[in-house]
Amino acid sequence: MFFIRQQLSRILSIFITCTLAACGGGGDSDSKAIITPIDDYSINIQFVGDGEGKVDIVELNQSCSQDCTINAKAHSTVTLIATPNTDDFQFNGWQGCQQQECKLTLNSNKNVKAEFAPKEATQLLVLALGNGSVSIPQLAETCDIECEYDLAPDTVVTVIAQPDEGAEFSGWSEGCTTTELTCNVTVNGYTIVRADFETLSQNEVDVRLNVSGNGSVYIEQLDETCTNYCQYSVEKNTQLTFESTGNSGFDFLAWENCPASAATCTINISDVLTISAFFEEEPLPPATNTFTIKEPLGEERTNIPIQIARPFIKGEIANYPVIQITGQNIVSQATIKQRHDDGSVKHAIINFVLDQLPANGEFVASIENGTPPTGNALTKTEMLSNDFQFDAVQEYTFSGEQVTAISAREMLQNDHYTKWIDGPVATTLILADHSSERVYDLGADSHRSIRPIFHVTFWKELNQYTVRYVSENTNTISLQDQIYDLQLLIGKDKQKVYEKSDVPHQARSMWTKQFSTFDTATFNLNHNIRYLVQTNSVPYFDVSREISDATIQAYWNIWQTKNKDLYDSGLWQPVMAVGGGRPDIGLYPSWAVKWLFSGDWRLTEIALTQADLASAWPMHLREGKDGLKFDLNQSIDALGKIVSIAPGARPTHWTERPDWHEINDADKIVPVAELTRSNWRPDNAHHPDISSLQFLLTGDRFYLDQMLFSAAYVTGNNNAKGFNSRLGRGQTGSEGLLYSGEVRGQAWAIRTRVHTYDILPDDWPEKSYFNTLNENAFTAFQGLFDLPNAYPSKSAIYNHARNFIADSIFVNSEQPSPLGFWNEGVSSQAYVRDDYVDTQVVNQAIAPWMQNFVTISLGRAQELGYNTDNLVQYSSRYLSQILQNPALPNYMFSAYITPTLNQDNQWFNSVLAIANTYQDGYLELINNRLIMGRDTEHGYYSIGMAAAAYAYDREIPAPWQYMMLNVLHKTIYDNNPKWAILPRIED
């Protein structure tokens, strides 16, 4: 392959060849890899030990599976990641490197050894004594009497006691302390598990009781209380009364196999019977609007400047939010960015100074309705006075050029700023020039491709300030890659706070760093998720989950091994299109959700730094062309705003191919030099929410800007010239419709746009712009699937989708699916394969988890005020019908693929017909994965649970009951509740 790296003084072309074995191509040769030298120093990688594994060389996009030698540029840095080939092996560490993720700076030839070894085998002995057996779902095994299994150390297995007919389970004698049928066992050394069974008399039968959700069931005649799964033996024809009681905050929902709708059920037991009781969380009463500040390191702090942002329940804060601690108002200011339609505050940024935070101390602050504080905001003269000694400087040195310094103080003096927050406590200025003059833009040539920006927050009482340094390479008329040496300075005395050589500033990307003139305090700030979920600005997460400190510390330890400087990736997968379940896939990334639940200082740093690092993706475009109009009504200048697809802007613009030959010439964005391709590669199908939650809870303007760029990217990332096909986005390209691309890409584009819309200030033109585009997209989907039009004023869009676009989506079937499938699917062997389905019957299939992504995103849109009810019902139709029918293998909801078209290219018209196409072995595999599943990141059952929550129908509770019984109860979601979302049940 060819790698081309453009520098200002030279262009270096490198050709790399290697054997398949060394490049991860799967070859079997025993010879060492041969790699043609490409630069000054070599890395010799040796594999030692008796195990098998591979080493990835990240920056070179190469892999070695045996001894190899790789050459790379002198003084460059490479990252080596060692991975065992299978679960049978483990990586024991490096020789010649100190970390699990080995980073080498090539100032000489390097020699490293990667040691892999077989995992030490341990044994599990299972005994089933009496008339019964023990099943081990993870091993797909059932033990009838005595069985031994070789397992890796620390393997956790689930064992399930299964009494034969006419017998009962009498308990675990060894290995388990629970009295329930199901037990989790950690296998270390020689581990014994014994289940005992007793034969029932001819007149006895079993009663098995499942309790799903937070509650208990009392059996009056037995004087027994069951809280999870219990088994009782009773004489035939005994009448039992079951009384259900929800725990605090939970209500009884329904019985299964017990003929009653009330919380008490009486039934005659004439044969073996399994009864289930379901509980659901009560709609939360309006929670106290509080947040908690805690000092975690045992260090007393004083004069701590704090900025938080807050969404509010409608009607709660009529005028102005104020902070109270221990019942007393403290001096605070609120910058109100949104109001509800009744005039009450919807979202505000709040600033205050906490006088004192004792070591390990904790304050619970409440937010009440009040009046603005007295006092004047800082003036420009005061900000420039000696009290602050204000300045911040970005210094750039391009190859062969002198240092160019851009001063924030000079920008302030020249009135090149706007105010973001303003009041007697704090003032934030955005110092930038987005005009056509571009006074402060600079670069390696006359195109001046780099735009320095400063976000400065002045704290009036403290005479201190914080500076967020921002640098953009986003201007549509000057795009080119740039490399420079960088220094960041703060204060009038120009104290250096950061420097980096050879910053690889890729076109369409940004970077940011933040520094303060004061010592920043470390504290936990718990935003109170129990309150936040009631605002609708946050999904209705299962707030009963608590993330343990051990989990936080383990996550923090991983974070310490990651590279987090400019253009490093941290926890991101920079190539979005890389397959597999990842923490960034979802409504929010896992790290953001964990931060939301906890507010721990470690999770705060991870969540905010990750949002900063996301600026490296080349998906940022700021309009630099004069004469364009941003809004759909063509009244607002587009200059300096995100790239718009409005009629007066660039209606046929294509984000990922900005100079595509079909684009109207006036809409093309042509770089001024050929661009390189880095490891940072965005797409729609795996597009994360990069910072909406970070903005929602901090009010940091940078995170809002990031979401605007992200929303503009997913909006324009299709061929608008495909007007009458699924490739386009409407009749003209300006409609912003989202039916192109993969199903998951449509889902994440919906989520990105509705999240962006929700956090935008009321008076910003981008608010109405994205609102209109979102409504347009939902109207088009309703037309495609022949659903009622929820937006009658947009009938032209509805009819265009129904009459023109539908034909290019329903090519074979010629009509929407009766089961709500988003498209016809594909006939790829990755989906339609013999070990999944009967290929004599199935022609095409979809990924149901992608369909669930759509349901989740549409449900999120519904939460945020959009009329998507019928779309949610349509997209979840298949999921709901699976879980309503007890005769079906309900667990097939979590399959990897779902058949859609038969061999006659017609839709399967029932869930039963689809169930009959699955191979028995595949159904067994799905079921076992559900039972043993611990995948909170991308488990298909986890995704299905969230979709079922958004699709909840109170009149048909069975689907959600199934999820409560089979998925939601898993304790794995305690430490990663990304998909642990509950239905919004309103009285």
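**View 1. Packing of helix α4 against helix α6 in the predicted model.** Helix α4, which spans residues 549-560, packs with helix α6, which spans residues 601-613, at an angle of about 40°, and the axes of the two helices lie 9 Å apart. The two helices are therefore oblique to each other, and the crossing of α4 and α6 is left-handed.

**View 2. Residues that meet where α4 contacts α6.** On the α4 side the contact is made by Asp-549, Ile-552, Gln-553, Tyr-555, Trp-556 and Trp-559, and these meet Trp-601, Arg-602, Leu-603, Glu-605, Ile-606, Thr-609 and Gln-610 on the α6 side. By residue class, the contact of α4 with α6 is made up of seven nonpolar, three polar and three charged residues.

**View 3. The disulfide of Cys-97 and Cys-102.** The structure holds six disulfides, and one of them is formed by Cys-97 and Cys-102, whose sulfur atoms are 2.0 Å apart. The link of Cys-97 and Cys-102 has 105° about the S-S bond and is right-handed. Cys-97 has a relative accessible area of 11% and is buried, while Cys-102, with a relative accessibility of 0%, also counts as buried.

**View 4. The disulfide of Cys-143 and Cys-147.** In this view the sulfur atoms of Cys-143 and Cys-147 are 2.2 Å apart and form a disulfide, and the link of these two cysteines, with 100° about the S-S bond, is right-handed. Cys-143 counts as buried at 0% relative accessibility; Cys-147, for which the relative accessibility is 18%, counts as buried because the cut-off for that class is under 20%.

**View 5. The disulfide that joins Cys-226 to Cys-230.** Cys-226 is joined to Cys-230 by a disulfide with an S to S distance of 2.2 Å. The torsion about the S-S bond of Cys-226 and Cys-230 is about 100°, so this disulfide is right-handed.

Methods
Residues numbered from 1 in each chain as written. Predicted model: local features only at pLDDT ≥ 70, side-chain atom pairs only at ≥ 80, totals over all residues. Heavy atoms only, no water. Axes fitted to C-alpha atoms, helices over the stretch in contact; angles between N-to-C directions. Helix = DSSP H or I, 4+ residues; strand = E, 2+ residues; numbered from the N terminus. Parallel < 35°, antiparallel > 145°, perpendicular 65-115°, else oblique. Left-handed = near helix turned anticlockwise from the far one by under 90°. Contact = heavy atoms within 4.5 Å. Nonpolar A, V, L, I, M, F, W, Y, C, P; charged D, E, K, R; others polar. Disulfide = S-S within 2.5 Å. Buried < 20%, exposed > 50% of the residue type's maximum accessible area, 1.4 Å probe, protein only.
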